Each structure stands twice: as C-alpha cells, then as structure tokens.
Amino acid sequence: MPVFSYFRPSFLVAAALAQPFTRASAQQIDTARALSALRDARTVCEMDAGILWKRSLCGPIALVDPQTRLVIANDTVAGKRFLRLEDAYVTTLPENLYVANTSFRWGGRTWTMVALPLPRDRYARADLVMHEVFHREQEALGLRQPDALNNQLDMRPGRTWLRLEYRALARALESLPDPRQAKHHIESALLFRAQRRSLYPGSDSLEATLEIQEGLPEYTGQRLAMQLTGEGPTRVARYVRDYETTPTFVRAFAYGTGPALGVLLDQFAPNWRDAIRSNRDMGVLLAQAIQFKRPRNLVQIAQVRAREYGWHEIDRTEAARDSARAPAMRDYRARLGAGSTITLRQSKDSLAWSYDPTELIGFDLYSTIYPSGDFSAPWGKLTVEHGGVLVQNDFSRIRIGAPAAPVETEAREIKGEGWTLMLNTGWSLRPDSSRPGSFVATRIR
C-alpha cells in the first residue's frame, strides 16, 4: 500500500528532525486548543455511540507539531516514553513518519494524525479532527477507495459546471426547511453534474471514487461538528459557498460536494449510509431519493437553469483564469512536455509522497503538475520546492525538467531549477532512448 500525505485544506508540511521533548517545549504549542480538540473528539464519539456508521469512532489520536514533531495524544504506545499533560500525553513522533493529516500505523495500531496548529473555530476544529478519525476507520468500514485525480475539473467547462453545482447545493442546504424548494436546487445540482460528466467520458467513476474517499470523511466531520456545536445545514452551506474559491479542484473537489450531498441525503434518504456500501455514488443515491431523471435535452435545460446560479459571472471569471495561467501552462508544456527531462519510474505501491491537494494542475486528462512536493521510491528521494513536476495519474512515472548544466549521471545528488534529486546507492541516470537529451533513473546491475 502506498504511503502518502496531504493536507486539508491547503498546507504542505515536510517532516523535521525529532527533538527532545520537555514540558517547556510543549508549552510552545497551543496546548489548550489541542486538549480541547481531544476532549471534543471524545465527546463527539460518546454522543455518536457508533450510530452514524454502525461502528465506534473512538480511537487513538495524535496531534503533531510539524516543527518540533511533538505529539499531544489521547493514548499511549507501549514502550514509548510519554509525559502526562492533564488528560492527554506528550511524546515525539518517530523519525520515519511523515507529519500529515492522515491515518497511520504506530505501536501495532491504526492512529489518526492531525497536524498542528488547529483551527480556532470549534466547529472547524471538530470537523478537521473527525474527518481524519473517519479515515482511520474507513478501511474497516469497507469504504476506502484508491486515490483519484479529476483533471477534467481543472479545465474551463469542468470548473464552470462544478462551480454551478456548488452554488445549487448550497442553496438546497439553505432551503431545507422547505423540501419543495430544496428539491428544486438539488435537481439543478444534479443537472449541472450530469452535464459536466457528459463532457468527459469516464469522469463519473473518477468523481464518485474521490467522493467516497474524501467526501464521506468530510461529511462525517461536518455532521458530527453540527451535533457538537448545535449549528445546522446553513453552516455547511456557507462552507460549500466558500469552497468554490479553492484554487484547483483536481484532488480537492469532493471536500465541497461530500458534506453537501451527505447532509441532503440525511434529509431525503435517511438510510443512505447503508446503501453507499453497494452503490458508491452519492449523487446517484440523491437522484434516486428525489426521483430525478436525466432529461433527454440535458444541454438545453442545464444551460437555462444555470442562469439562476450566476452562469455569466462564472463564465467570465473562468475565462479570465484561463488567460492568466496560459503563460505558466506554456512553460510547463515546453519544459516537462517537450523539453529535456529526467524520468523516474516506480509502482504506486512503492511511492511515498507529500503534497498540497489544492495546488495540483491538470496537465491533460492523464497527467498532473504538482507545483511542489516530496516524492520517494526505490530510486531515492525527490524534493520539489518550485517549478513543478509532471506526474502520471497512475503514479508510474514522474518527470522533472533536466538542469541546464551537463548532468553528472553517476552523482548521488543532482540539482535542477527548484528541485533536488537524491539517488539511492545502486541507482544512476542513463540516457532516455525515447527522448533525446533526456535521462531516466536506472538501477545499476
């Protein structure tokens, strides 16, 4: 299974060296907020009592400071030294673990990890922690899905119809006291979804996959945050409206659609969480709940309905976005598409990577630009600070622009514009026969 780390919503953190921990160093962290988050997680877990997913969400949680690698946890690991901090425990994270919002194995158990600092807002804090708690339980629930990149959502038509869907979902949430009005806006959202997917064959399965992998955790976080704080669906609606401004939706769109679809399903199909295990498309379940059927004249109806949600304004801003990023896209195509490159090949299972999901750029439908990130595989480690790296969406190939200076093919450390490649012993660069002037990392036999 691949090891990867990413942040919700938009922070990339590199692992730092572990440092000795003391009570004084723990005080450099906002321990009051961390302790409050752990208590809220316990409260939410006890309030839920396993009802939401028919499984307890109680379990070990580690809140980790990326700089010091200090851990404030609600549990301990056998053989690991801890300091007691009120009703929590303080220790350091092992050096071989990335700091990320994710689930991870530690001391023979699966833990939730959340990177500090935490949001000030209690609702957002509970949402974040319980989102990651769901990831810890996701495999046991039979709801873990592979990573799915949706590059069609970085293209102008894909983004336009997605933004319209966000607006319709938000209005549906705001209209819930009136089921008739809510259904009208749900129908609009489903029309926009159907129109978007009709433009990109195969996108329905890609989008549904990411909505299970990330949309369900985000729904769970917000559903439990509402239960904890007493806030209602209008809070989710506000979140969805804000989410429309996310820079890129390639690996992030489901954080916006997931909670909206889930809360609406709670209203119109209360048993949907049982059905999702066999029908893994939240949109399909919502369409069934309101008896929505895709019209034959989908394009015309969707275009007319789009005016109700600000189509002209969205179209204008998306045109401006395309124009603004055109020079950068030309540069990426020249350097990483047609230029001299270094190619790194690996299986997905052998790759570990860390990146910001709200930065990803769709190069085409099958490969993605990661503006920055850390990548490691049997060949070694690649650190990209800026300038971008081209990654095939099945993760079998990573490509960086070759340096202007002559490449020392036997060197262990190779540097280029914005990146550093450290090759492991037994690996070197060899000319790439398929790309003149380019190289490929090769195991020395």
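Why is the disulfide of C45 and C58 left-handed? The torsion about its S-S bond is about -95°, so the bridge between C45 and C58 has that hand. Before we go on, note that this is a predicted model, in which local features need pLDDT of at least 70, side-chain atom pairs count only at pLDDT 80 or more, and totals for chains, interfaces and linings use all residues. Residues are numbered from 1 along each chain as its sequence is written, and side-chain values use heavy atoms, with hydrogens and water left out.

Let us stay with the bridge. The structure holds one disulfide, meaning a pair of cysteine sulfur atoms within 2.5 Å. The sulfur atoms of C45 and C58 are 1.6 Å apart. This pair links distant parts of the chain, 13 residues apart: C45 sits in helix 2, while C58 lies in the loop between helix 2 and strand 2 (61–64). Helices (H or I, at least four residues) and strands (E, at least two) are DSSP runs, numbered from the N terminus.

How do the two cysteines sit? C45 counts as buried because its relative accessibility is 5%, whereas C58 is partly exposed at 44%. Here buried means under 20% relative accessible area, exposed over 50%, and partly exposed in between (1.4 Å probe, protein chains only).

Now follow helix 2 itself, residues 31–48. Its buried residues include T31, L35, L38 and V44. Just after helix 2, A49 takes a positive phi of about 55°.

Technical notes
The expected span of a helix is 1.5 Å times one less than its number of residues.
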